[in-house]
Amino acid sequence: MITTSLPIAANHPAYSGHFPGQPVLPGVVLLDAVVHEIQCSERGACAMWDISSAKFQSAVRPGEALTLEHERLPNGSVRFAIRTADRAVASGILVPSQRPTEQARGEQS
């Protein structure tokens, strides 16, 4: 299991539209940060990922410190969980994409 911080700036532009007066981080921004951190931990392996499952358990407010825990499963998938100091935020499983990458599509042309 690998544990890292999951930095999301308190002034991230996504907060301004979701929702005025009660800002929360959209799930898509959270998932994007997860994929980025997992790629970084894989030391540059730029895999494409599909989301097999994702469960959002709690809203993320500006300035909250997040922790990402993830582990590679025997089938190549990655299980992840995001937490604040006192609660679960989200969890899920990423699977390696079966879609061709941009480079592979270019080579087929």
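The protein has three helices and five strands. The model is a predicted one. Along the sequence the pattern reads β-α-α-β-β-β-β-α. The protein has 109 residues, and 28% of them count as buried. Its accessible surface is about 6800 Å², with 54% of that on carbon and sulfur atoms. Take contacts between residues at least 6 apart in sequence: 60% of them join residues at least 24 apart.

Now the sheet. It is open, has five strands, and is ordered S1-S3-S4-S5-S2. The pairing is antiparallel. S1 and S2 stand at the edges. Each has a single partner strand, so one side of each lacks a neighbour in the sheet. On average, neighbouring strands are turned by 20 degrees against each other, direction ignored.

S1 covers residues 2-5 and S3 covers residues 67-72. Four bridges pair them in the antiparallel sense. Find Ile2: it stands opposite His70 in S3. Stay on His70 and look to S4, where its bridge partner is Phe80.

S4 spans residues 78-83. Six bridges join it to S3, and the two strands run antiparallel. Together S3 and S4 form a hairpin, with five residues between them. Gly76 sits in that turn. Its phi is positive, about 95 degrees.

The hairpin strands also call for a look at their side chains. Glu71 and Arg79 meet there in a salt bridge, 3.7 Å from N to O. Glu71 is partly exposed, at 27% relative accessible area. Arg79 is partly exposed as well, with 41% relative accessibility.

Next, what packs on the sheet. H2 lies across S1, S2, S3, S4 and S5. It runs at about 125 degrees to S2. 

Then the core. The largest nonpolar core has 21 residues. Those with the most contacts inside it are Leu6, Leu30, Val34, Leu66 and Ile82. At least two core residues come from each of H1 (14-17), H2 (27-41), S4 and S5 (88-96). H2 gives the largest share, six residues.

Zoom in on Leu30. What does Leu30 touch, not counting residues up to four places away in sequence? The list is Leu6, Leu25, Phe56, Val60, Leu66, Ile82, Val89 and Ala90. Two of these names, Leu6 and Ile82, are also among the residues with the most contacts inside the core.

Now the loops. The count comes to three salt bridges. One is the Glu71 and Arg79 pair above. Another joins the side chains of Arg87 and Glu64, at 2.9 Å from N to O. Arg87 lies in the loop between S4 and S5, and Glu64 in the loop between S2 (49-56) and S3, so this pair ties together parts 23 residues apart in sequence. Arg87 counts as partly exposed, at 22% relative accessibility. Glu64 is partly exposed too, with a relative accessible area of 24%.

Arg87 has a further partner. Its side chain meets that of Asp86 in a salt bridge, 3.6 Å from N to O. Asp86 counts as exposed, at 61% relative accessibility. Shared partners join Glu64, Asp86 and Arg87 into one network.

One more loop is worth a stop. Ser97 is found between S5 and H3 (102-108). Is Ser97 buried or exposed? It is buried: its relative accessible area is 15%, and the cut-off for buried is under 20%. Leave aside its neighbours within four places in sequence, and Ser97 is in contact with Met48, Trp49 and Asp50.

To trace this on screen, begin at the S1 edge of the sheet. Cross to S3 by the four bridges, then to S4 by the six. Follow the sheet order on through S5 to S2. Finish at Arg87, where Glu64 and Asp86 join the network.

Notes
Residues numbered from 1 in each chain as written. Predicted model: local features only at pLDDT ≥ 70, side-chain atom pairs only at ≥ 80, totals over all residues. Heavy atoms only, no water. Pairing = 2+ DSSP bridges. Core = buried A, V, L, I, M, F, W, Y, C linked by side-chain atoms within 4.5 Å. Buried < 20%, exposed > 50% of the residue type's maximum accessible area, 1.4 Å probe, protein only. Contact = heavy atoms within 4.5 Å. Areas by Shrake-Rupley, 256 points an atom, 1.4 Å probe, with all protein chains shown as cover. Salt bridge = Lys/Arg side-chain N within 4 Å of Asp/Glu carboxyl O. Axes fitted to C-alpha atoms, helices over the stretch in contact; angles between N-to-C directions.
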